[in-house]
Amino acid sequence: MDEANGQHRKEGAVERLRRARRSMTPARRSVIETMAELPQPFTAGELCDAVATRFPGVGRASVFRTLALLEHLGAVQRVHTGGRESYVLCELTAHHHHLICTRCGRTEEIQLGLDQQLESAAASRGYTHQQHVVEIFGLCPDCQAAGEAERSWPAGPATAGKGAPPASSS
Ligand SMILES: [Zn+2]
Ligand SMILES: [Zn+2]
Ligand SMILES: [Zn+2]
């Protein structure tokens, strides 16, 4: 994990707590520090395990309470990767979305120009207090490069098309 990124994420969360006038308890600090160092995104289970290793004095209940609080404050966002629910300790404090690699889980934070459209779509139907969740999934450039390498090596003999035709017994 990129150290500078981790530092940004941590500062963002600390700032959110401060603005919400929530105190920075030792347990909260431990959980935030651990989150910032984990590869993003992480599951609640991964976070609990990592906190237990680094800060044995911090119980699971504190981890879950801190996770819930940070999500409530918007410092942590839930993302859905490979059918599992994960969390990102966000770097951006403004409204944003996540671009997630379906293979390695790499997550980027991006701002999109479609928020206005989404809001007016709801407003034009008479809805207020609208929220939206937009996640974009794809294969990141690194995974594409790795995939190409896998496919081209070993460059086996060109046997394609020489085998028996697919059985079509009937
Ligand atoms: Zn984010
Ligand atoms: Zn990837
Ligand atoms: Zn949006």
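Select strand 3 (residues 97–101) and strand 5: 4 bridges join them, and the two run parallel. Strands here are DSSP runs of E with at least two residues, and helices are runs of H or I with at least four; both are numbered from the N terminus. Two strands pair if DSSP finds at least two bridges between them. Now pick Ile100. Its bridge partner in strand 5 is Phe137.

The model is predicted: local features need pLDDT of at least 70, side-chain atom pairs count only at pLDDT 80 or more, and totals for chains, interfaces and linings use all residues. Residues are numbered from 1 along each chain as its sequence is written, while chains are lettered from A and ligands numbered from 1 in the order in which they are written.

The 3 strands form an open sheet in the order 4-3-5, with mixed pairing. Strand 4 (107–110) and strand 5 (135–138) are the edges; each has a single partner strand, so one side of each lacks a neighbour in the sheet. On average, neighbouring strands of this sheet are turned by 20° against each other, direction ignored. Axes are lines fitted to C-alpha atoms, for helices over the stretch in contact, and angles between N-to-C directions run from 0 to 180 degrees.

**The whole chain**

Zoom out. The protein has 6 helices and 5 strands. From the N terminus on, the order is α-α-α-α-β-β-β-β-α-β-α. Of its 170 residues, 22% count as buried. Buried takes 20 or more other C-beta atoms within 10 Å of a residue's own, exposed 12 or fewer, and partly exposed lies in between, with C-beta atoms placed from the backbone.

**Helix 1 against helix 2**

Select residues 3–19 for helix 1 and 26–37 for helix 2. They pack at an angle of about 145°, with axes 8 Å apart. Contact puts the C-beta atoms of two residues, placed from the backbone, within 7 Å. By class, the count is 5 nonpolar, 1 polar and 5 charged residues. Nonpolar covers Ala, Val, Leu, Ile, Met, Phe, Trp, Tyr, Cys and Pro; charged covers Asp, Glu, Lys and Arg; the others, Gly among them, are polar.

**Helix 3 against helix 4**

Move to residues 44–54 and 60–73. Helix 3 and helix 4 pack at about 130°, with axes 10 Å apart. They are therefore oblique to each other. Oblique is what remains after roughly parallel (under 35 degrees), roughly antiparallel (over 145) and roughly perpendicular (65 to 115). This crossing is right-handed. Ala44, Leu47, Cys48 and Val51 of helix 3 meet Arg60, Val63, Phe64 and Leu67 of helix 4. That contact has 7 nonpolar, no polar and 1 charged residues.

- Pro41 lies in the loop between helix 2 and helix 3. A cis peptide bond joins Gln40 to Pro41, with omega about -5°.
- Arg21 sits in the loop between helix 1 and helix 2. Its phi is near 55°, positive in a residue other than glycine. Arg21 is exposed, with 6 other C-beta atoms within 10 Å.
- His129 is in the loop between helix 5 (115–123) and strand 5. Its phi is also positive, about 55°, although His129 is not a glycine. With 5 C-beta neighbours inside 10 Å, His129 is exposed.

Definitions and conventions. Left-handed = near helix turned anticlockwise from the far one by under 90°.
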